[in-house]
Amino acid sequence: MTEILLTEKLLHLRNDHVSYVIGILEGGVPAHLYFGKRLEGMNPASLLRHYDLRADGAWQPHNCALDHTPHEYPSHGLGDLREGALTVRAADGTRSADLRFVSAEVVEGKPGIPGLPATFGDNGRTLLVHLKDECIGLEATLSYTLFDDVAGVVRHASLRNVSGSDLVIERAYSLCLEMPDSRYDLITLSGAWSREREMFRRPLVMGEQGVSSLKGATSLHASNMLFLCRPETTEAQGEAIGAALVYSGNFKASVHVDPARNCRVFLGLNDVDFSWTLNPGATFDTPEAVTVYSDAGLDGMSAQFHRVCAEHLVRGKYAKAPRPILLNNWEATYFGFNEEKLLKIARTAADVGVELFVLDDGWFGKRDDDTTSLGDWFVDTAKLPNGMKHLTDQVHAMGLKFGLWFEPEMVSPKSKLYEAHPDWAIHIPGREPVQQRQQLTLDMSREDVQDYVYDCVARHLREDGIDYVKWDMNRNFSNIGSALLPAERQKELPHRYMLGLYRVLERLVNEFPEVLFESCSSGGGRFDMGMLYYMPQTWTSDNTDALCRCQIQYSTSLVFPPFAMGSHVSAVPNHQTGRITPIETRGNVAMSGCFGYELDLNTLSADDLEKVRQQIARVKKLRQTLLYGDFHRLLSPYEGNDTAWITVSPDKCEAVFMLTRALAKSGTYPPLVRLRGLDAEKVYTVAETGESYTGSELMNLGLCVRLPWGDAASVSLTLTARAE
Ligand code: GLA
């Protein structure tokens with residue numbers, strides 16, 4: 001149960017798992033005192049003495065003591081000389097805010113945030129801390145929610161202009177977390193196209209470190225999250241803290257270590273391309289940040305993030321429902337298809353048990369390659385002479401659902417849309433537009449553009465019997481300018497873009513609750529908690545090579561559960577790496593997510609096609625566990641040749657274990673893998689071998705697994721125990 005204990009000087013939020021404590025210091029300074037394992041009491045004396053001694057040791061005059069105080073929402077330039085979470089330009093041009101405590105209130109549950117994706121849930125409480133800077137006329141409300149079932153806190157800040165003139169917010173992070181020591185390793189996820197979210201772990205050093213994006217999206221290159229763990233922390237044990245932003249645009253995630261070894265963590269909107277003019281009476285909400293704590297290793301930390309995603313973020317019909325097994329035609333045909341070719345692929349797919357046929361890029365305008373037509377969302381009758389509805393009817397008649405690809409936020413310079421509305425693209429007048437993939441970005445900050453995008457997608461959903469949408473976004477921001485925004489508000493464009501996109505998505509998911517949406521951005525370039533609020537699954541990577549996917553899915557699971565990750569079996573040689581891997585391996589890795597195929601099944605041998613039929617039958621039987629069970633990482637592809645993970649049903653009666661070895665090596669032994677998440681007392685039978693072991697044997701002694709011969713060898717085993 002969440003409780004919020006308020007005294008004059010202490011605001012203590014706690015549930016069964018964690019405590020979060022704010023202290024109100026002399027003069028109403030809101031200080032951060034603690035975040036971690038639940039505390040039974042809270043006497044801040046020794047912590048404050050620790051900070052006082054630092055201030056003394058630094059020989060600072062008294063009013064600079066703020067420089068040695070742990071703050072909840074600091075602003076730089078008055079007593080605190082470090083980087084702050086908030087910078088506000090007042091009417092006189094000065095840029096120092098100083099928020100002091102006014103009052104605190106508790107509300108049941110979790111209020112939403114207007115226009116932004118946010119966690120929700122009734123099983124928790126929210127503390128609202130009201131602050132004010134009397135000098136410049138700025139009010140702030142810091143909001144902190146604890147859900148009963150999560151070892152973590154969700155927070156954001158709301159800023160109000162109560163002065164008589166404009167205030168300009170130049171920086172407003174979502175999260176500032178101060179910790180009294182810096183003996184941590186920092187883990188961040190960075191990558192590129194087709195190798196998203198590689199894990200980087202290094203000790204914190206003096207100064208600033210972290211990751212960021214200015215690309216207009218979370219990006220392929222960095223993820224909007226960071227993790228801190230003790231140097232001795234492993235997957236299975238030790239302390240870990242993780243923070244992730246519920247947002248999909250530019251961000252900054254950084255840790256600052258100061259000479260006193262104090263550690264200040266920031267996460268929020270990247271201020272390089274951000275500012276916000278707040279008129280008198282107006283309010284600005286930052287995106288939300290989720291922070292979790294675990295003393296059971298990185299795997300324990302991920303369990304908290306997975307619970308947030310499953311119970312407090314994903315909405316709608318598919319939040320907990322089996323996801324249809326799909327076949328996507330992209331790698332099967334690329335742009336070269338016609339109705340007959342598609343129906344032939346769909347027919348074989350239906351025959352082996354696929355449930356959803358997805359038509360990817362190339363069905364609209366004159367799009368025979370990626371040089372034209374984005375924005376012209378009208379069926380290309382050269383490829384589909386009978387129209388879209390005719391195609392979907394035939395696919396439906398085979399017993400398949402029908403899905404369609406869109407890239408609605410984009411426009412090709414060669415398109416009817418661009419001819420009619422060149423101003424609708426993000427651009428800087430007088431400058432040559434920089435193209436990526438021969439396309440430009442539509443200015444989603446404009447309402448007319450938002451309405452056009454909504455209409456294009458909604459029309460097809462209404463008229464053509466579409467059951468699934470793949471919502472793609474394949475380029476980054478450049479020439480960042482909007483034709484409608486006044487000069488002093490141009491820096492608002494990146495955030496206004498996101499608000500515009502969220503507005504369109506909110507409309508669509510509410511109006512079409514039956515449709516399954518999958519987010520995509522050149523693969524996993526917008527894999528974040530913001531998108532997950534609207535779309536329950538994300539295409540994890542354009543890289544479908546099973547061995548690369550072991551790494552990508554392993555590190556993606558630091559925050560996201562299997563049900564969030566689109567993962568498909570594709571053809572060999574693989575189109576991204578040229579590697580040949582067995583169909584079993586491709587299936588085993590892909591079934592640890594939203595399972596599907598990305599190839600023409602007609603090209604497979606009879607033997608492989610039979611294996612596909614068996615894979616599909618097995619996934620249908622196990623998918624509730626595979627998608628919604630508790631996921632545990634066991635062996636890391638970042639540390640060795642083997643990847644292993646297990647997904648365990650909530651009642652612990654069913655589990656699916658996967659082990660994949662990258663390279664065959666002679667003279668090595670089959671690994672003995674210690675499993676996790678089972679019931680120690682239960683007896684599990686391994687369906688594939690007939691052997692039985694207790695959960696305690698499997699978790700402490702381990703399971704010895706014989707792998708097939710050759711490179712990229714893999715097994716997937718089903719463990720079942722009798723329910724009590
Ligand atoms: C992006 C996506 C792919 C595919 C292509 C189509 O690269 O990530 O899956 O949809 O676009 O152009």
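Leu604 counts as buried, at 18% relative accessibility, because buried means under 20% relative accessible area. The model discussed here is a predicted one. Leu604 sits in the loop between strand E30 (594-598) and helix H12 (606-628). Not counting residues up to four places away in sequence, Leu604 touches Leu599, Leu609 and Val612. The C-alpha atom of Leu604 is separated by 8.6 Å from that of Ala571, although the two residues are 33 apart along the chain.

Ser567 belongs to strand E29, which covers residues 565-570. With a relative accessibility of 1%, Ser567 counts as buried. The side chain of Ser567 reaches the backbone oxygen of Ala590 at 2.7 Å. If neighbours within four places in sequence are left aside, the contacts of Ser567 are Trp539, Arg549, Gln553, Ala590, Gly593, Cys594, Phe595 and Gly596. Two of these residues, Arg549 and Gln553, are listed among the buried residues of helix H10.

The loop between E29 and helix H11 (583-590) holds Pro573. The peptide bond that joins Val572 and Pro573 is cis, with omega about -10°. Asn574 is found in the loop between E29 and H11 as well, and at 5% relative accessibility Asn574 counts as buried. The side chain of Asn574 makes a polar contact of 3.2 Å with the side chain of Thr544. The side chain of Asn574 also reaches the backbone nitrogen of Gln576, at 2.7 Å. Apart from neighbours within four places in sequence, Asn574 is in contact with Asn543, Thr544, Asp545 and Arg579.

**Helix H10**

Helix H10 spans residues 546-556, and nine of its 11 residues are buried, so the helix is largely enclosed by the rest of the structure. The buried residues are Ala546, Leu547, Arg549, Cys550, Ile552, Gln553, Tyr554, Ser555 and Thr556.

**The ligand site**

Which residues are closest to the ligand? They are Asp360, Asp361, Arg437, Lys470 and Asp542, out of 13 residues that surround the ligand. By type, the shell divides into four nonpolar, three polar and six charged residues.

| Residue | Part of the residue | Distance to a ligand oxygen |
|---|---|---|
| Trp405 | polar side-chain atom | 3.0 Å |
| Lys470 | N or O atom in the side chain | 2.8 Å |
| Gly523 | backbone N or O atom | 2.9 Å |

Taken alone, the ligand exposes 300 Å², and the protein buries 96% of that.

**Two positive phi angles**

Ser219 is not a glycine, yet its phi is positive, at about 95°. Ser219 lies in the loop between strand E13 (207-213) and strand E14 (225-229). With a relative accessible area of 6%, Ser219 is buried.

Ala712 also has a positive phi without being a glycine, with a value of about 50°. The place of Ala712 is the loop between strand E37 (703-704) and strand E38 (713-721). Ala712 is buried, with a relative accessible area of 0%.

**The chain as a whole**

How many helices and strands does the chain have? There are 13 helices and 38 strands. Of the 724 residues of the chain, 63% count as buried. The radius of gyration is 26 Å; a compact globule with 724 residues would have a value near 27 Å, so the chain agrees with that expectation. Along the principal axes, the C-alpha atoms fill a box of roughly 80 × 70 × 45 Å.

Among contacts between residues at least 6 apart in sequence, 69% join residues at least 24 apart. The chain exposes about 26,400 Å², and carbon and sulfur atoms supply 53% of that area.

Notes. Residues are numbered from 1 along each chain as its sequence is written. Side-chain values use heavy atoms; hydrogens and water are left out. A residue is near a molecule or strand if one of its heavy atoms lies within 4 Å of it. A polar contact is a pair of N or O atoms within 3.5 Å; within protein, one must be able to donate a hydrogen and the other to accept it, and residues adjacent in sequence count only if both atoms are side-chain atoms. Accessible areas come from the Shrake-Rupley method with a 1.4 Å probe; for residues, only the protein chains shown count as cover. Ala, Val, Leu, Ile, Met, Phe, Trp, Tyr, Cys and Pro count as nonpolar, Asp, Glu, Lys and Arg as charged, and the others, Gly among them, as polar. Helices (H or I, at least four residues) and strands (E, at least two) are DSSP runs, numbered from the N terminus. Buried means under 20% relative accessible area, exposed over 50%, partly exposed in between (1.4 Å probe, protein chains only). Contact means heavy atoms within 4.5 Å. The radius of gyration is taken over C-alpha atoms; the globule rule is 2.2 Å times the number of residues to the power 0.38.
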